[in-house]
Amino acid sequence: MLLRLDDRDTSPLHEKIAAGLRRALAAGEVAVGERLPAARELGASLGVNMHTVLRAYAQLADEGLVVMRRGRGVTVAAGPDRAGLHHRIRALVDEARRLGIEREELVTMIREAR
């Protein structure tokens, strides 16, 4: 799996890594059940600390996209559709933040968009 980070993105590094992984999952580059690279290995290839990668993995686990198991690594838990939806939601939240829209207002807008 080749992971590319968006250099134009000013987000914290762990969020950039999570976004890159989310994009790869959404594109179907990694299949459900497939193991992601070890945090140390991915960190070395990206030139970042393994704890930064672990933080990105934890974010994806919170979203239900991967499963982290001690001693077994990180495996993909969701298919491209769910990963794509999470990717689009992140983009929506980032755009709302850029426009100065508060979280509660965005939630209200989503509820009203039926």
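Predicted model: local features only at pLDDT ≥ 70, side-chain atom pairs only at ≥ 80, totals over all residues.
Biologist: What order do the elements of the protein run in from the N terminus on?
Modeller: They go α-α-α-β-β-α-α. Residues are numbered from 1 along each chain as its sequence is written, and side-chain values use heavy atoms, with hydrogens and water left out.

Biologist: OK, and what does the C-alpha trace span along its principal axes?
Modeller: About 45 × 25 × 25 Å.

Biologist: How much of the protein is buried?
Modeller: Buried residues are 31% of the 114. Buried means under 20% relative accessible area, exposed means over 50%, and partly exposed is in between (1.4 Å probe, protein chains only).

Biologist: And what about contacts between residues 24 or more positions apart?
Modeller: Those make up 52% of the contacts with a separation of 6 or more. A contact is heavy atoms within 4.5 Å.

Biologist: Switching to charges: how many positive and negative side chains are there?
Modeller: The protein has 19 positive and 16 negative ones, and the centres of the two sets lie 6 Å apart. Lys and Arg count as positive, Asp and Glu as negative, while His and the chain ends are not counted. Each charge is placed at NZ of Lys, CZ of Arg, CG of Asp or CD of Glu.

Biologist: Let's pick one. Is lysine 16 buried or exposed?
Modeller: Lysine 16 counts as buried, because its relative accessibility is 13%. You'll find lysine 16 in helix H1, which covers residues 13-26.

Biologist: What does lysine 16 touch?
Modeller: Leaving out residues up to four places away in sequence, lysine 16 touches Leu5, Asp6, Asp7, Asp9 and Ser11.

Biologist: How many salt bridges does the count come to?
Modeller: Four. The rule asks for a side-chain nitrogen of Lys or Arg within 4 Å of a carboxyl oxygen of Asp or Glu. In one of them, arginine 22 meets glutamate 63 at 2.9 Å, N to O. Arginine 22 is in helix H1 and glutamate 63 is in the loop between helix H3 (50-62) and strand E1 (66-69), so this pair ties together parts that are 41 residues apart in sequence.

Biologist: Are those two buried or exposed?
Modeller: Arginine 22 and glutamate 63 are both buried. For glutamate 63 the relative accessible area is 9%.

Biologist: Which other residue does glutamate 63 form a salt bridge with?
Modeller: With arginine 90, where the closest N and O atoms are 2.9 Å apart. That pair links distant parts of the chain, 27 residues apart, with arginine 90 in helix H4 (residues 80-98). Arginine 90 has 33% relative accessibility, so it counts as partly exposed.

Biologist: And where do arginine 98 and glutamate 95 sit?
Modeller: In helix H4, three residues apart, so about one helical turn separates them. Arginine 98 is exposed at 60% relative accessible area, whereas glutamate 95 is partly exposed at 35%.

Technical notes:
Helix = DSSP H or I, 4+ residues; strand = E, 2+ residues; numbered from the N terminus.
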